[in-house]
Amino acid sequence: MNETNRVYLYDTTLRDGAQTSGVDFTVADKIAIAQELDALGIDYVEGGWPGANPTDNAFFADPPKLPRATFTAFGMTRRPGRSASNDPGLSALLDSQSPAVCIVGKTWDFHVDVALSIPREENLSLIADSIREIKARGREPLFDAEHFFDGYKANPDYALSCVQAAYEAGARWVVLCDTNGGTLPHEVETIVGEVAKRIPGSHLGIHTHNDTENAVSNSIAAVRAGVRLVQGTLNGLGERCGNANLLSLIPTLSVKMGFDVGISRDGMSRLVHISRMLDERLNRTPNRHAAYVGESAFAHKGGLHVSAVEKDPTSYEHVDPALVGNRRHVLVSDQAGRSNILARLREVGVDVDPRDDRVGLLVDLVKQKEFEGYAFDGAEASFELLARRALGEVPDYFRLAAFRVLDERRWNAKGDLVTLSEATTKVEVPGPGGTDNVMTVAEGNGPVNALDQALRKALIPVYPALEGMRLVDYKVRILNAQDGTKAVTRVMIETADRHGNRWATVGVSANVIDASFNALSDSITYCLYRSGAAIDSTKAA
């Protein structure tokens, strides 16, 4: 292997990523994510900071077995006035039994003078003594040079003396950190080039934050200048605006730039999976527009684009989507032409002759629906149903005869102000002797949830496939009105089944509850159609 072409990957999702607003990993989350990172082929998995909190203490007390990755503990240098062998913080790191230990230290003279309030020479001793102690205890030492780029711009000689102290003391990696995230790519490339004159690139790393939307670009600039270790997080998690996104860096460094990042082809094809797995763990909606792994990363909407992609995908795709575990996605909207409709139909398994007159009618129908307020480029399940209904392929699984939703806002017996929602539905469903008229009543957390509960209460006895189906996202948008309270309303619903499959549907009406029912009805129908539910079920009570 050519070491000059090898770029090592260091994941700090479980530590730096945990500082993301709204993110709170459990021990079970940390174990599952660490194992996924190991299976992906990441070189270093930073587990957290032993001694910092109960979760990290429990995690390091019984760490997961990682066959490939080097499990790493994070902490700080010894404190002033303490020896490296008698510092509680450093001892907690070394007692963790992690094969590698990464410590952070000051490299900006401003911080040494103000935050630590110690002589600058003493700070050099903190760094060197800590690295020596880690190495003497048989661990692999790494040094995170905090605020390095700001420090270099303020006092290059002192910043360089800090990283040299770590390197000369035996640090395997000296990581240059853009802690405030304000450095730009051209500055990174220039500064790293100067550092590489003192410390070989084979021992240099980069750690960037995304405060100027340049974390990935800065990491690439640093690699171009010689560093061979890149720190980052999954999906760009991190404090403030996040860290460098490893899921963008991995294919860029490997596929675009030709570096060996230690990820196999099979591992590369798991990038979408690991991105979605993290979002699922955090109960977050995936970023549709994320590079490489987003649902829209290889989506084509304009008719001219789709026509060209049909002839040769490279006309509008910079890499093969399958390489990262993604897929080509043809969107259907009022900008669609026959190429979009035909490609989307093929994608969902509908075989239709391109010369079929119904294709043209479907194009016109989509454009008319979008004029009315529908949006099929974000609600592909509704489009598929629209198309299959036009081709006569979707059975009438149920028919809503009527529904009523009541909201009551009142003081309860405890003196608390509460709002209660109750829905009543009358649904025609197939039964053993023909059509049954079923009336159900259900309460819910809001009118839409109550309506959803009442509908499924009527349908599940006939269609068990609906068991475990749940609404995971609900969006309302007001369309084309000066007075928003009188506007036409578009409702988008995202639903998941018990296997984790997700789909989106859309409903439009002047009444928000009616629009919600339209989207909900499509969602239920789509679930039944995709599950192969039989309309002549005899499972009704």
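Which residues form a nonpolar patch on the surface?

**View 1. A nonpolar patch on the surface of the predicted model.** The patch is formed by Y474, V476, I478 and V512, which together have about 300 Å² of accessible area (Shrake-Rupley method, 1.4 Å probe, with only the protein chains shown counting as cover for residues). Patch residues have over 30% relative accessible area and no salt bridge, and nonpolar side chains (Val, Leu, Ile, Met, Phe, Trp, Tyr) are joined within 5 Å. Strand β14 (residues 470-479) gives the most to this patch, with three residues, and V476 is found in that strand (strands are DSSP runs of E of at least two residues, helices runs of H or I of at least four, numbered from the N terminus).

**View 2. Packing of helix α1 against helix α12.** Helix α1 (residues 27-40) and helix α12 (residues 271-282) pack at an angle of about 175°, their axes 11 Å apart, and are therefore roughly antiparallel (over 145 degrees, on a scale from 0 to 180 between N-to-C directions, with axes fitted to C-alpha atoms over the stretch in contact). Residues in contact (heavy atoms within 4.5 Å) include I33 and L37 of α1 and I274 and M277 of α12.

**View 3. A salt bridge between E187 and K153.** The two side chains meet at 3.6 Å, N to O, where the limit is 4 Å between a side-chain nitrogen of Lys or Arg and a carboxyl oxygen of Asp or Glu. The pair links helix α8 (residues 185-195), which holds E187, to helix α6 (residues 148-154), which holds K153, 34 residues apart.

**Notes.** Residues are numbered from 1 along each chain as its sequence is written. In this predicted model, local features need pLDDT of at least 70, side-chain atom pairs count only at pLDDT 80 or more, and totals for chains, interfaces and linings use all residues, while side-chain values use heavy atoms, leaving out hydrogens and water.

Methods
Parallel < 35°, antiparallel > 145°, perpendicular 65-115°, else oblique. Patch = residues over 30% accessible without salt bridge, like charges linked within 9 Å, V, L, I, M, F, W, Y side chains within 5 Å.
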